[in-house]
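Please read it alongside the sequence and the structure.

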Amino acid sequence: MTHLFLSIALFLPLLAQAEERDIAYAEIAPVLTAASRKKSPLLDIKLNIEVLSETVALEQVKVWLIRDGEMVSQIPLNPKDGAIQLPTMTKKQAKQHSIRINQPKEMAHLNFAMTVLPPSSTHVEYRDLFSLVDDSNLFIKAMAGKMALFAPKVDALTFHFTEAATITIGADGNALHFE
């Protein structure tokens, strides 16, 4: 009995690794399209594979692009954070493709993350700031899919400073100053 238990315990990780699953590209295509259309340099959208199990190392996770059930190419994973790059596709193309991951969803999953980056200088273009609002809403809507009606919407920007600061907005030779 102990021998049987040890055999099962030794082979269980191998069985879990052997389980592959496909994710329909049509499910993730709207998010990829939204990410490719972003205009603000202050918005960072990343796609990565997140390992959920301590028994699986990121190096063990493999991802492939599949077309009509046939492997097209392996998708490289960044060894530090599992980041991956996927091509944008038309709806017609997306219906023919999927992403295959060699781990069950309990072990590893596909993760999208949206991060607002701090400005790289004290001078920021107006369009970069306010395109951040539009880009955020576009990405949130794509992630929410059919539930977009209930998703939160970004409608304002709030600035936090560690020291006293002045914001100057210039337009047509006139400037507005806020302290």
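F130 lies in helix α4, which spans residues 126–144. The model is predicted, and the points below are grouped by topic.

- F130 belongs to a nonpolar surface patch together with Y126, I169 and F178.
- The accessible area of these four residues together is about 390 Å².
- F130 has a relative accessible area of 37% and is therefore classed as partly exposed, as this value falls between the 20% and 50% limits.

**Strands β1 and β5**

- Strands β1 and β5 run antiparallel to each other and pair over 4 bridges.
- Within this pairing, D22 is placed opposite R100 of β5.
- Side chains along β1 alternate between two faces.

**The salt bridge between R100 and D22**

- R100 and D22 form a salt bridge, with 2.6 Å between the closest N and O atoms.
- This pair links distant parts of the chain, as the two residues are 78 residues apart. R100 sits in strand β5 (residues 97–101), and D22 sits in strand β1 (residues 21–24).
- R100 counts as buried because its relative accessible area of 17% is under the 20% limit.
- D22 has a relative accessibility of 41%, so D22 counts as partly exposed.

**Other salt bridges**

- How many salt bridges does a search of the whole structure find? The search finds 4, including the R100 and D22 pair and the two pairs described next.
- D68 and R67 form a salt bridge through their side chains, at 3.9 Å from N to O.
- D68 is exposed because its relative accessible area, 53%, is over the 50% limit.
- R67, with a relative accessible area of 40%, is partly exposed.
- The side chains of R127 and E125 also meet in a salt bridge, with an N to O distance of 3.7 Å.
- R127 is exposed, at a relative accessible area of 59%, while E125 is partly exposed, at 34%.

Definitions and conventions. Residues numbered from 1 in each chain as written. Predicted model: local features only at pLDDT ≥ 70, side-chain atom pairs only at ≥ 80, totals over all residues. Heavy atoms only, no water. Patch = residues over 30% accessible without salt bridge, like charges linked within 9 Å, V, L, I, M, F, W, Y side chains within 5 Å. Areas by Shrake-Rupley, 256 points an atom, 1.4 Å probe, with all protein chains shown as cover. Buried < 20%, exposed > 50% of the residue type's maximum accessible area, 1.4 Å probe, protein only. Pairing = 2+ DSSP bridges.
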